[in-house]
Amino acid sequence: MLWCSLELPHDAQLLCSFFSFPVWFVPIYMIIFTADRTFTFDVKTPPTSWLIKRAIGMEKGPQRPNIQSPSGYITPEMVYEIAKIKQQDRAMKLIPIRSICHSVIGTARTLGVVLKEADDI
């Protein structure tokens with residue numbers, strides 16, 4: 001986090017240390033008010049594709065995703081856990097978990113990842 005190395009008030013430095021995710025890539029939206037030198041920031045959840053790749057142990061996405069020759073498999077339990085993480089975003093608070101699960105499955109398909117039961121893998 002580059003902006004944490006700047007001269008910030010003590011409270012802001014504590015927030016930076018609290019939100020330091022060593023292995024998680026999280027988007028941060030920051031609004032800086034120049035008049036009174038205050039700021040606000042919103043820490044989002046990681047992108048769905050990154051969570052899927054991390055869940056199945058994929059380093060990077062395939063060149064040409066194909067459902068007929070899948071690049072990986074994901075279980076319904078993994079989809080549910082990713083959906084619970086994504087539901088923490090402010091924009092997803094009021095969306096049902098089932099709809100978020102469908103969105104996660106759709107993102108998995110774009111990566112060439114197929115949904116299978118744990119017994120079939």
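**Entry 1**

I started with Lys 84 and Glu 81, which both sit in helix H3, three residues apart, or about one turn of the helix. This is a predicted model, and I read everything below with that in mind. An α-helix has 3.6 residues a turn, so residues three or four places apart point the same way. I looked up the side chains next, and Lys 84 and Glu 81 do meet in a salt bridge, at 3.6 Å from N to O.

I followed the ones at Asp 42. Its side chain meets that of Lys 44 in a salt bridge, with 3.4 Å between N and O. Asp 42 also takes part in a salt bridge with Arg 90, where the closest N and O atoms are 3.6 Å apart. This second pair links distant parts of the chain: Asp 42 is in strand E2 (residues 38-43), while Arg 90 is in the loop between helix H3 (76-86) and helix H4 (97-110), 48 residues away.

Asp 42 is partly exposed at 22% relative accessible area, and Lys 44 is partly exposed at 22%. Arg 90 has 64% relative accessibility and counts as exposed, because the cut-off for exposed is over 50%.

Going back to the pair in H3, I noted again that Lys 84 and Glu 81 lie three residues apart in that helix. As for shared partners, salt bridges join Asp 42, Lys 44 and Arg 90 into one network.

**Entry 1: the buried side of H3**

Which residues of H3 are buried? I found Val 79, Ile 82, Ala 83 and Lys 86. Looking down the axis of H3, I see its buried residues within an arc of 100 degrees, so they line one face of the helix.

What do the buried residues of H3 pack against? My list has helix H2 (48-56), strand E3 (72-74), H4 and strand E4 (113-115).

I then picked Ile 105, which lies in helix H4. Leaving out residues up to four places away in sequence, Ile 105 touches Val 79 and Leu 115.

**Entry 2: aromatic rings**

I searched the whole structure for aromatic pairs and got one. Phe 39 and Phe 41 form that pair, and it is stacked, with 6.0 Å centre to centre and 20 degrees between the planes. Phe 39 is partly exposed at 22% relative accessibility. Phe 41 has 22% as well and counts as partly exposed.

Last, I looked at phi. Most residues other than glycine have a negative phi. Arg 37 has a positive one, near 60 degrees, and it is not a glycine. Where does Arg 37 lie? I placed it in the loop between strand E1 (28-33) and E2. Arg 37 is exposed, with 77% relative accessible area.

Definitions and conventions
Residues numbered from 1 in each chain as written. Predicted model: local features only at pLDDT ≥ 70, side-chain atom pairs only at ≥ 80, totals over all residues. Heavy atoms only, no water. Salt bridge = Lys/Arg side-chain N within 4 Å of Asp/Glu carboxyl O. Buried < 20%, exposed > 50% of the residue type's maximum accessible area, 1.4 Å probe, protein only. Helix = DSSP H or I, 4+ residues; strand = E, 2+ residues; numbered from the N terminus. Phe/Tyr/Trp six-rings, centres within 6.5 Å; stacked < 30°, edge-to-face > 60°. Contact = heavy atoms within 4.5 Å. Arc of directions from axis to C-beta.
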